[in-house]
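Here is a short briefing on charged side-chain pairs. Keep the sequence and the 3D view at hand.

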Amino acid sequence: MLVLIGIVIIIAGFLLRFNPLLVIMASALATGLAAGLDVTAIIAAFGKAFNDTRYVSIVWIVLPVIGLLEAYGLQQHARSLIDRMKGATLGRLLTSYLLLRQAMSAIGLTSVAGHPQTVRPLVAPMAEAAAEAKNDALTEDQREEVKAFAAATDNIGLFFGEDIFLAIGSILLMKGLLEGYGYNIEPLHLSLWAIPTAIAAFLIQGFRLRRLERRMRKREAGA
């Protein structure tokens with residue numbers, strides 16, 4: 001049961017609003033130590049995973065870099081950038097990010113963006129600044145709603161974009177599951193049918209983002 005302590009650390013860290021990067025790293029270390037591994041063995045496990053998959057290097061490189069950038073005011077610079085862009089609105093910003101996230105995921109670059117490396121340090125602060133440009137008196141609930149929509153936009157872009165890529169795990173999983181029921185469908189066909197779904201998801205989320213922007217303006221007018 002001790003190996004589940006990592007989940008407890010993640011839940012507690014997010015509830016207390018500690019730095020997510022530190023929470024995740026602490027959770028990984030605690031889980032490894034609870035499993036009987038020493039620090040050297042945990043690092044060795046990451047090294048082995050790197051040699052096997054070539055993905056772990058992103059974690060080792062990106063997380064410390066983002067931590068340093070945040071310490072030196074990355075979020076403040078992101079907000080300042082939006083303040084200087086007069087045509088940037090909340091809806092346009094998040095819709096553009098949704099399009100970018102879907103397009104990158106569709107060609108297999110699912111790890112290029114994400115919550116810890118993009119949404120928290122860049123997209124969410126920029127979305128807040130864009131909302132403040134039309135509503136100077138954002139309440140705490142409004143700020144949290146903007147952050148939630150920024151995170152949801154990333155999720156939707158990734159989820160509905162990655163299935164367009166042939167060699168993604170979800171496509172292979174669906175192919176294997178369907179074969180188990182006697183349906184032999186090529187991965188290419190699954191990818192092609194994912195395109196209309198991705199377009200529909202983009203349009204629906206774009207509409208929701210537009211409604212969010214209008215709702216923020218109505219609250220300002222009502223105030």
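Glu-132 has a relative accessibility of 17%, so this residue counts as buried. The model is predicted. The salt bridges in the structure number eight. Side chains of opposite charge can pair when their charged atoms come close.

- Glu-132 and Arg-143 form a salt bridge through their side chains, with an N to O distance of 2.5 Å.
- This pair links helix α7 (residues 115-134), which holds Glu-132, to helix α8 (residues 140-162), which holds Arg-143; the two residues are eleven residues apart.
- Arg-215 and Glu-145 also meet in a salt bridge, and their closest N and O atoms lie 2.4 Å apart.
- Here the partners are 70 residues apart: Arg-215 sits in helix α10 (residues 187-222), Glu-145 in helix α8.
- Arg-215 is partly exposed because its relative accessibility is 27%.
- Glu-145 has a relative accessible area of 18% and is therefore buried, as the cut-off is under 20%.

**A pair within one helix**

- In a further salt bridge, the closest N and O atoms of Arg-210 and Glu-213 are 3.2 Å apart.
- Both residues belong to helix α10; they are three residues apart, so about one helical turn separates them.
- Arg-210 is partly exposed, at 37% relative accessible area.
- Glu-213 is buried, at 4% relative accessibility.

Technical notes: Residues numbered from 1 in each chain as written. Predicted model: local features only at pLDDT ≥ 70, side-chain atom pairs only at ≥ 80, totals over all residues. Heavy atoms only, no water. Salt bridge = Lys/Arg side-chain N within 4 Å of Asp/Glu carboxyl O. Helix = DSSP H or I, 4+ residues; strand = E, 2+ residues; numbered from the N terminus. Buried < 20%, exposed > 50% of the residue type's maximum accessible area, 1.4 Å probe, protein only.
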